[in-house]
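This report concerns a protein model, its charged pairs, its backbone geometry and the arrangement of its domains. The sequence and structure follow.

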Amino acid sequence: MNKFYDALETRSSAEREADQMAALARQIAHAQQAAPAFAEILAGIDAGSIASRGALAQLPVTRKYELQQRQQAGRAESPFGGFAGMGFGSAMPRVFASPGPIYEPEGARRDYWRMARALYAAGFRAGDLVHNCFSYHFVPAGSMMETAAHALGCTVFAGGTGQTEQQVQAMADLRPAGYVGTPSFLKIILEKAAEMAVELPSVTKALFSAEAFPPSLRDWFAERGVTGFQCYGTADLGLIAYETEAREGLVLDEGVIVEIVRPGTGDPVPEGEVGELVVTTLNPDYPLIRFGTGDLSAVLPGACPTGRTNTRIKGWLGRADQTTKVRGMFVQPGQVAAVVKRFPQVQRARLVVSGEMANDQMVLQVETTETAAGLAQLLAEALREVTKLRGEVQMLPPGSLPNDGKVIEDARSYR
């Protein structure tokens, strides 16, 4: 059985670079013609001249907040802010909404989000039943994995999120070959299965995303017969990189061009230096050019021991800004500010995210002289309403928080 998804994974570096740079020039020309936002952003740019990484680095970086701003400003004409290269109809079977909201189109092409490559590297093959526990509503994660599984020839159980006991029962009855979803939810399912005295021997492989997957958690699953791999993608771009059996970083997907730049700029950093991931997708339906993910990573030197020849990155190393992912959802400084604005008694606030082994915890630390009973409860309720996540509240006297400008502190351990 072939260990590689396709021949693209083992191209020489020179061949890949030549192919991608030729595709880049075509993609820029297409974006200028089909996506009004890029017609404006790239006005005056000769697409044919953008055929090298040096030339690409001269183009402006488009960031997520710009997607949101343009979508909000131009919603009467298009919900996608002029970034999509297609309109409603058979070419666009679904539309999704990420927090913001930011709306993302899904095209009709096979394996639109390109996740099949990551599933294949995680050991999934044609004929497998895949238990999909990513969300099927609003966000595209469930569809990302389902369309990838279908491209491989797999059948999918649409488990979605929540209903832990029912998830255990479905796994016991249907005997899926593997799981896709967040690692924390599979951990909860396996713990619930043990509590219910239900064996789940068929689940031997998993593909995880949306959360950190540290070695300690990988070992926890291995002890229970599950070999887990991780992949990295976004709702805007689809797959960016995926883990292989070598367990040495993440290999870049073949359908994207990735740069690592100095945070706050568009300037590429030297190989090995940590910076922000900036991605250009070769997807003609949603042709994002130099899209700043806000995520930090670094290039790993050398090639993957599995024989895959594409560049490897170290994986997710944090956020270039203070936006933080908690239990699979982004929490932004603006959301903390929105909570604080409701309570004039609060002078300053800081959200501390801690925990390990897929056990994220949030504590909202607030400076206040108010000691009336019930304020902490009201703050906790507001925090949940705004972020959609539960958190505790810690009341502190004025002057207790560091004067470092931080609104969100990620104090989690990823060992």
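## Salt bridges

Arg 114 and Asp 253 form a salt bridge in which the closest N and O atoms are 2.6 Å apart; the term denotes a side-chain nitrogen of Lys or Arg within 4 Å of a carboxyl oxygen of Asp or Glu. Arg 114 lies in the loop between β3 (102–106) and α5 (116–121), and Asp 253 in the loop between β10 (250–252) and β11 (256–261), so the pair ties together parts that are 139 residues apart in sequence. Helices (H or I, at least four residues) and strands (E, at least two) are DSSP runs, numbered from the N terminus. The count of salt bridges under this rule is 28.

The model is predicted: local features need pLDDT of at least 70 and side-chain atom pairs count only at pLDDT 80 or more, whereas totals for chains, interfaces and linings use all residues. Residues are numbered from 1 along each chain as its sequence is written, and side-chain values use heavy atoms, with hydrogens and water left out.

## Backbone geometry

Most residues other than glycine have a negative phi, and most peptide bonds are trans. The peptide bond from Gly 100 to Pro 101 is cis, its omega being near -5°. Pro 101 is placed in the loop between β2 (94–98) and β3.

Asp 111, a residue other than glycine, has a positive phi, near 50°. Its location is the loop between β3 and α5.

## Domains and their interface

Domain 1 covers 13–319 and domain 2 covers 324–410, with bounds from an automatic or database domain assignment. Their centres, taken over C-alpha atoms, are separated by 29 Å. Nine residues of domain 1 and eight residues of domain 2 take part in the contact, defined as heavy atoms within 4.5 Å.

The two domains bury about 820 Å² between them, 68% of it on carbon and sulfur atoms; this buried area is the accessible area (1.4 Å probe) lost when the two parts are put together, summed over both. Across this interface the rule finds zero salt bridges. On the side of domain 1 that touches domain 2, α8 (183–195) and α9 (215–222) are the elements giving two or more residues. The largest share, three residues, comes from α9.

## Recorded annotation

An unreviewed UniProt entry lists residues 122–280 as "domain: AMP-dependent synthetase/ligase"; such annotations may be inferred rather than shown by experiment. The span is 28% helix and 28% strand, and its end C-alpha atoms lie 25 Å apart.
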